[in-house]
Amino acid sequence: MTGEVAVLGAGMHPWGKWGRSFVEYGAAAARAALADAGLEWRDVGSIVGAGTVRGGYPGYVAGATFAKALGWQGARVASVYAACASGAQAVDAARAQILSGLADVVLVVGADAAPKGFFRPAGGDRPDDPDWLRFRVLGATNPTYFGLYARRRMAVHGDTVEDFAQVKVKNSTMGALNPYARYRKRVTAEEVAASAVVAEPLRLLDICATSDGGAALVLSSMEFARRRGVDRPVRIRAVSTVTPQYPNTVLDLPDIATDSAVAVQPHPDTFRASIAKAAYEEADLGPEDLSLAEVYDLSTALELQWYEDLGLCAEGEGAKLLREGATSPGGRIPVNASGGLASFGEAVPAQAIAQVCELTWQLRQQAGDRQVAGARAGITANQGLFGHGSAVVAVR
Amino acid sequence: MSRTHTPVVEGWFAGQGDDFRLLGTRCAACASVFFPREDGHCRNPRCPGGDLEEIPLSRRARIWSYTDSRYRPPSPYVTNPELPWEPYTLIAAELEAERIVVLGQAAPGISVADLAVGMEVEVVPGALHEDTETVWTTWHWRPTGVEA
Ligand SMILES: [Zn+2]
């Protein structure tokens, strides 16, 4: 088993459409996380920034940008970019520094200022780039992929659009209780059904928006936490950053086709399932040990897929799990107690860090009205463009 | 005036009418098939790597899933902003022999209401968009038995 690192602090800037620089959101989240940890920025030996591609430069400058905003103090810096998985990559980089003894305390920051409308590829003519090609050749926006998955689930597992709407109803109920969420109004199934179709069978309220936001964590060695008198810190027990196994047979953003399975039998686990499996193995626990899960509900239907990929239920039984109320507040395994992307909208490099902030507050019993009673262990899961796995297991 | 017909991507499809096919490549060592074509090196990690030969893919496939695009996609998708947006249908089709799922636009006039998962489709030539000099050609999926 890999060693653990302590979560000393968690902080966020509220999600929204604030129209300011991503630097401001990241710095505000960082200050909040430092205050939560009871540490001064000058005591931090290392900063890892999860990058945005929409801050003027591609993400590789993010770490130092946040360090400058907080005031240059000479800390070691790393910057990572892995689309939606950037936050988990940042946590993983920080953890590696701590476990190897390179740093005692690391500040992890991610923030974004999102544009309006569909995500689109970077400019220029780039016929070698699959992300450019899917827009050029097919006009295949992210929601069309979500539509394909949703329709597939309806055909294979018997999910209904009413099931999908119930995911939104559930998540909006939790998001209404979260001061950091962008959408804080409860949504009814009728409102989902009345919203415009974006990519059949999915409607506007089935699909997550893009948002501004910032999230940060202060991580440290267990020894450092003890010296600070923190007896029972939240501990990060696993970070899964696996890639797919060839052949990857689930059509995935941004690809136009799957790998062919004609020469090699596909691995029994899909890519998403393998992300969770690697996290469970590293954490030496299983889905039955979890108190809650934060998953990437880019669409309502995708949340149901995650239930199965995380092993919360058998394949095809995601909608049944939802209907039983198991993933609702008070259920066996509440999912997206934060309100999820349905309530936040996606702030790409901040989102996976925000998921860990929610686990931290839940495991400390500090989640207020959305507290999962007696939370002891949680998992976050998402998937970054081009095959970046992303999952974090935290325990207390 | 006749306009030039130019594939939106070179080397991904060829042929006219019933001979129209998607083009992929196949590894001579392990028989893995690639679409979009892989011309550099076989991506099967257990394969030492063989010559990659161009092959036509099966003409017929079965619908893995489908959806549509109710809103105008952003650039580099080419549309005329002067005209009202006309949604089009997208089909992900599974080719049995190659065991691969390939995404494509549905032939014009095919809506999601015409489709079902598992339905047989065939690949047909299509036009992506046109300008004064050029018709940019592409592939479309069309349910079998439907005439153009
Ligand atoms: Zn090969």
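**Entry 1: the sheet in chain A.** I looked up the strand order in chain A and found an open sheet of 9 strands, arranged S3-S2-S4-S7-S1-S8-S11-S10-S9, with mixed pairing. I note that the model is a predicted one. I then turned to the edges: strand S3 (76-80) and strand S9 (292-295) of chain A each have a single partner strand, so one side of each has no neighbour in the sheet.

**Entry 2: one strand pair.** I examined S1 (residues 5-16) and S7 (residues 212-221) of chain A, which run antiparallel and are joined by 9 bridges. Within this pairing, I traced Gly9(A) to its bridge partner in S7(A), which is Val218(A).

**Entry 3: a helix on the sheet.** I followed helix H3 (residues 86-99) of chain A, which lies across S1, S2, S3, S4, S7, S8 and S11 of chain A. Against S8(A), I noted that H3(A) runs at about 115°.

**Entry 4: the zinc site in chain B.** Which protein donors does the zinc ion have? I found the SG atoms of Cys27(B), Cys30(B), Cys42(B) and Cys47(B), lying 2.3 to 2.4 Å from the ion. The angles among the 4 donor atoms are 103 to 116°, and the site is tetrahedral. Along the chain, I read the donor spacing as C-x2-C-x11-C-x4-C. Cys27(B) lies in strand S3 (residues 21-27) of chain B and Cys42(B) in the loop between strands S4 (33-34) and S5 (52-56) of chain B, so the pair ties together parts 15 residues apart in sequence. I checked the accessibility of this pair and recorded both Cys27(B) and Cys42(B) as buried.

How values were computed
Residues are numbered from 1 along each chain as its sequence is written. Chains are lettered from A and ligands numbered from 1 in the order in which they are written. This is a predicted model: local features need pLDDT of at least 70, side-chain atom pairs count only at pLDDT 80 or more; totals for chains, interfaces and linings use all residues. Side-chain values use heavy atoms; hydrogens and water are left out. Two strands pair if DSSP finds at least two bridges between them. Helices (H or I, at least four residues) and strands (E, at least two) are DSSP runs, numbered from the N terminus. Contact means heavy atoms within 4.5 Å. Axes are lines fitted to C-alpha atoms, for helices over the stretch in contact, and angles run from 0 to 180 degrees between N-to-C directions. Donors are N, O and S atoms within 2.8 Å of the metal (3.2 Å for Na, K and Ca); water is not among the atoms, so sites may look incomplete. Four donors count as tetrahedral if all angles lie between 85 and 135 degrees; four count as square planar and six as octahedral if opposite donors are over 155 degrees apart and all others between 65 and 115; anything else is irregular. Buried means under 20% relative accessible area, exposed over 50%, partly exposed in between (1.4 Å probe, protein chains only).
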